[in-house]
Amino acid sequence: MAAVLQVLPCVARAPLRPLLSGGPVVRQASGMALAEQAQQLFESTVGAVLPGPMLHRALSLDPSGGLLKVRDRSFQLRQNLHLVGFGKAVLGMAAAAEELLGQHLVQGVISVPKGIRAAMERAGKQEMLLKPHSRVQVFEGAEDNLPDRDALRAALAIRQLAEGLTADDLLLVLISGGGSALLPAPIPPVTLEEKQTLTKLLAARGANIQELNTIRKALSQLKGGGLAQAAYPAQVVSLILSDVVGDPVEVIASGPTVASVHNVQDCLHILNRYGLRAALPRSVKTVLARADSDPHGPHTCGHVLNVIIGSNALALAEAQRRAEALGYRAVVLSAAIRGGVKSVARFYGLLAQVAGAHLTPPGTAASMEQEEQLHELAAELQLPDLRLKEALETVVGAGGPVCLLAGGEPTVQLQGSGKGGRNQELALRVGAELGRWPPGPVDVLFLSGGTDGQDGPTEAAGAWVVPELASQAATEGLDVASFLSRNDSHTFFRCFRGGVHLLHTGLTGTNVMDAHLLLLRPR
């Protein structure tokens with residue numbers, strides 16, 4: 001039956017209206033009250049890192065004196081403020097900056113994903129759009145998050161603006177996730193195609209993201225501090241929305257305003273490791289040789305102020321406050337969840353089992369073996385900021401509903417040709433894990449959602465599940481394992497109960513990776 005449902009369309013109920021526009025939540029029998037609260041918490045997570053609130057937290061303007069304050073630094077404005085930006089959330093960030101800075105803003109150039117303005121217009125998100133006669137020029141490109149000619153034109157326009165600045169100018173740089181693909185500017189004579197080919201070859205041979213970024217920076221005019229160098233001697237203020245675990249400023253969008261710590265020898269070592277040095281195009285060899293003989297040595301970025309204005313940790317902290325206002329004992333487990341989605345799902349399944357047992361009478365306690373498995377799996381995941389011990393201690397002393405929060409970016413190994421995203425797959429796998437044990441006298445719900453509002457190539461942000469999911473799905477002829485084997489989580493959730501378990505927010509205009517919520521409530 002499940003195989004048939006893969007090709008036959010499901011008749012879906014109307015999805016939940018976007019949470020961020022204040023739409024009503026559909027009510028359903030078991031688990032729906034928890035689901036409503038979980039979705040409110042997800043809404044608060046996203047709301048904390050929307051462009052408007054973020055910019056206003058980071059910047060303040062004294063209009064009479066023309067003084068711009070960025071955290072604890074102040075800058076005098078006198079028709080000397082310029083703006084550039086690149087990333088998936090930068091359109092809304094630029095709109096908020098334009099609203100705040102007004103006539104002080106002289107000019108700007110931003111590079112944003114193809115089609116984002118039309119999408120925001122369709123969604124009625126006027127606050128994410130620039131004014132009709134804006135001084136900020138918008139380039140759209142990097143379709144499917146891949147560098148292209150449109151993104152290259154935008155990068156060159158950004159470089160031109162930066163290079164025209166003087167010591168009297170101030171450059172405001174807006175950066176968010178996706179910025180690397182939206183700022184491609186290879187050092188001549190390297191072409192965009194040659195740089196992409198080399199990156200793909202390295203990735204195919206097993207190079208990790210740090211190694212790929214080291215090569216990208218070495219061949220880029222603007223990454224690895226290149227943009228900051230182009231703007232010198234102007235002052236540079238870089239406002240960064242992080243979509244990277246741990247918020248390393250040198251990694252986000254490949255660090256265009258952060259001096260690179262790598263040199264040519266590092267690049268050659270990587271190329272040797274993967275057997276590619278001999279096969280390099282002449283253009284790449286030329287650029288690396290030129291950098292090796294640069295008499296000025298490595299560039300510094302002493303004229304730059306880099307500020308993280310939004311992150312997964314900040315978003316989870318707001319969700320924690322909201323959960324406590326709803327009567328939950330809330331703990332942020334980690335803002336650095338990563339690893340294979342199967343292991344992460346197993347971790348959440350064990351966590352729910354152990355935490356649920358701590359909330360119930362002694363007769364339903366989880367076994368020592370299960371608690372040991374939980375700690376072993378946590379150690380295997382190597383999450384640097386995991387607060388598992390604190391979370392379990394909180395559960396023991398709670399005596400009432402508990403909310404465990406986490407965020408990050410697990411990875412999915414594709415095995416089939418189904419439709420889904422990492423949040424829907426994680427939720428479905430957690431649902432399967434929860435179904436392996438009787439929940440006892442405690443209600444459990446798990447939600448996983450992408451803060452950008454789009455999970456993979458779908459219109460859903462994620463999904464929520466309860467322990468009864470697998471058995472309820474079986475009564476509808478849906479086999480969870482079959483859908484998981486095809487990486488077809490979206491089709492499952494669209495079919496199951498008419499799609500009511502899907503999380504629909506629409507594009508949010510921000511992006512700080514994913515949020516995971518585990519709610520437990522004694523009956």
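How many aromatic pairs does the count come to? The count comes to 5 aromatic pairs, where rings of Phe, Tyr and Trp (its six-membered ring) pair if their centres lie within 6.5 Å. The model is predicted, and local features need pLDDT of at least 70, side-chain atom pairs count only at pLDDT 80 or more, and totals for chains, interfaces and linings use all residues. Residues are numbered from 1 along each chain as its sequence is written, and side-chain values use heavy atoms, with hydrogens and water left out.

**Aromatic rings**

- A pair of aromatic rings is described by the distance of the centres and the angle of the planes.
- Phe492 and Phe493 form an edge-to-face pair, with 5.3 Å centre to centre and 80 degrees between the planes; planes over 60 degrees apart count as edge-to-face, under 30 as stacked and the rest as tilted.
- Phe492 and Phe496 form a stacked pair, at 5.4 Å centre to centre and 20 degrees between the planes.
- Ring pairs join Phe483, Phe492, Phe493 and Phe496 into a cluster.
- Phe492 and Phe493 are both buried, a term for under 20% relative accessible area, with exposed meaning over 50% and partly exposed in between (1.4 Å probe, protein chains only).
- Phe492 counts as buried because its relative accessibility is 0%, and Phe496 counts as buried because its relative accessibility is 0%.
- Arg486 places its charged end over the ring of Phe483, 4.8 Å from the ring centre; a charge sits over a ring if NZ of Lys or CZ of Arg is within 6 Å of the ring centre and within 35 degrees of the ring normal.

**Helix packing**

- Helix H3 (residues 51-58) packs with helix H4 (residues 90-101) at an angle of about 50 degrees, their axes being 8 Å apart; axes are lines fitted to C-alpha atoms, for helices over the stretch in contact, and angles run from 0 to 180 degrees between N-to-C directions.
- That angle makes H3 oblique to H4, since angles under 35 degrees count as roughly parallel, over 145 as roughly antiparallel, 65 to 115 as roughly perpendicular and the rest as oblique.
- Helices (H or I, at least four residues) and strands (E, at least two) are DSSP runs, numbered from the N terminus.
- H3 contributes Pro51, Gly52, Leu55 and His56 to the contact, and H4 contributes Gly92, Met93, Ala96, Ala97 and Leu100, contact meaning heavy atoms within 4.5 Å.

- Val251 lies in the loop between strand S8 (235-241) and helix H10 (264-273).
- Val251 counts as partly exposed because its relative accessibility is 25%.
- Not counting residues up to four places away in sequence, Val251 touches Asn213 and Val244.
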